[in-house]
Amino acid sequence: MGAIAGTERSPRLDASGGLLFGGGPEGDAARGAALRQLSRPFGWLAWVAVVAFIGDCVRIAYFTPIEASQGPAQKIFYIHVPAAITALYLAFALMAVASVLYLWLRDPKLDRVAECAAEVGLAFTTIVLVTGPLWAKPVWGTWWSGDARLTSTLFLWLIILAYLILRQAVEDRAQRARYSAVLAILAGLLIPFIHLSVYLFRTLHPQPIVLKPSAPSLPSEMLTTLMISFATFVLLFVALLRARYRLATIADLVEDGASSGRAD
Amino acid sequence: MLPDNAGYAYAAYAAAITVFTVYAVSVWWRGRALAARIRRASDGPRTGTSSRAD
């Protein structure tokens, strides 16, 4: 997720307003590198993640036992839980940490990391919020319950959506980064609350069976499948974050060029 | 006897695949739009048109 080779240099506008990544052969090379990366945004890691996801689905469908009381619907567990863990403890935690570091160091790369982690995390949380009701209906008899875990997760989803909308609304780069960093940190404060909500309140949502002080309460075959699913979701997260970060880096260069053009 | 609720699991997996696919396509689409913008801007000086005309 490092800087994109050949594009981390100041772009400038030429006399006619054309956006350039730099003059001469170096500029052409930088532009060529940017265009190549934009034409293939995902790279090999995404294909590895896709193959892992397919393999994971095969294991879940054919090589993991069906839970006796809940039936086949319990297999939603293997996407619902990894998506939730990846979104909360990886994506949004990264967003919050990068935002804290941004306010301290004022490095635009940190703001970019926070933005990309928030966006990818939003996709994962969407999966959590869609698969949750699909699991709840056959098991609880209702699509949704207004308990603390579900409501706070929905609330976090809305805050992240607001964060991304805020980023579109503020034009000044530094101001946008500062405002959104504050909102991201506030959103990050919800993560421990969401985790502890099942202990603090009476909820329909079960308590953690893996992320808890004692040993996971799962048969070994199910636990192995869950771990494979978790690794797959982390791979998917890294692949999407990497692609999104590349896009954001080049978009920032273009925005810098456009701003300097307007300022001229 | 196991409950017959496999349809919910299929729907959940289909939803997850759809969300991933839609998001990946949105990243690809935005990259494509950005590439087009860069190409237009860099072609501008050669063709005599400005990127700000877009």
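Visitor: Buried or exposed: which describes A:E115 and A:R167?

Guide: Burial is read from relative accessible area with a 1.4 Å probe on protein chains only: under 20% is buried, over 50% exposed, and in between partly exposed. A:E115 is buried, and A:R167 is buried too. The model is predicted: local features need pLDDT of at least 70, side-chain atom pairs count only at pLDDT 80 or more, and totals for chains, interfaces and linings use all residues. Residues are numbered from 1 along each chain as its sequence is written, chains are lettered from A and ligands numbered from 1 in the order in which they are written, and side-chain values use heavy atoms, with hydrogens and water left out.

Visitor: How far apart are the closest N and O atoms of A:E115 and A:R167?

Guide: A salt bridge requires a side-chain nitrogen of Lys or Arg within 4 Å of a carboxyl oxygen of Asp or Glu. A:E115 and A:R167 form one, with the closest N and O atoms 3.6 Å apart. A:E115 is in helix α4 of chain A and A:R167 in helix α5 of chain A, so the pair ties together parts 52 residues apart in sequence. Helices (H or I, at least four residues) and strands (E, at least two) are DSSP runs numbered from the N terminus.

Visitor: Which other salt bridges link distant parts of the chain?

Guide: One of them joins A:D252 and A:R112, at 2.8 Å between the closest N and O atoms. A:D252 sits in helix α7 of chain A and A:R112 in helix α4 of chain A, 140 residues apart. Both A:D252 and A:R112 are buried. Another bridge is A:R173 with A:E255, 3.9 Å from N to O. A:R173 belongs to helix α6 of chain A and A:E255 to helix α7 of chain A, so that pair connects parts 82 residues apart in sequence. A:E255 is partly exposed, at a relative accessible area of 23%. Through shared partners, salt bridges also join A:D111, A:E115, A:E119, A:R167, A:R244 and B:R30 into one network.

Visitor: How many salt bridges cross the interface of chain B and chain A?

Guide: The rule finds 1. B:R30 pairs with A:E119, and their closest N and O atoms are 2.7 Å apart. The side of chain B that touches chain A has 22 nonpolar, 5 polar and 5 charged residues (nonpolar: Ala, Val, Leu, Ile, Met, Phe, Trp, Tyr, Cys and Pro; charged: Asp, Glu, Lys and Arg; polar: the others, Gly among them).

Visitor: What area is buried between chain B and chain A?

Guide: Buried area is the accessible area (1.4 Å probe) that two parts lose on being put together, summed over both. Here the value is about 3400 Å², and carbon and sulfur atoms give 76% of that. B:Y13, B:F20 and B:Y23 supply 21% of the area that chain B buries against chain A, more than any other three residues. By contact (heavy atoms within 4.5 Å), 32 residues of chain B meet 51 residues of chain A.

Visitor: Which residues touch the most other members of the largest nonpolar core?

Guide: Such a core is a set of buried Ala, Val, Leu, Ile, Met, Phe, Trp, Tyr and Cys residues joined through side-chain atoms within 4.5 Å. Of its 73 residues, A:F92, A:M95, A:F124, A:L156, A:I160 and B:F20 touch the most other members. Elements giving two or more residues to this core include α3 (77-105) of chain A and α1 (6-47) of chain B. The most comes from α7(A), with 14 residues. Not counting residues up to four places away in sequence, A:F92 touches residues including A:L156, A:I160 and A:I191.
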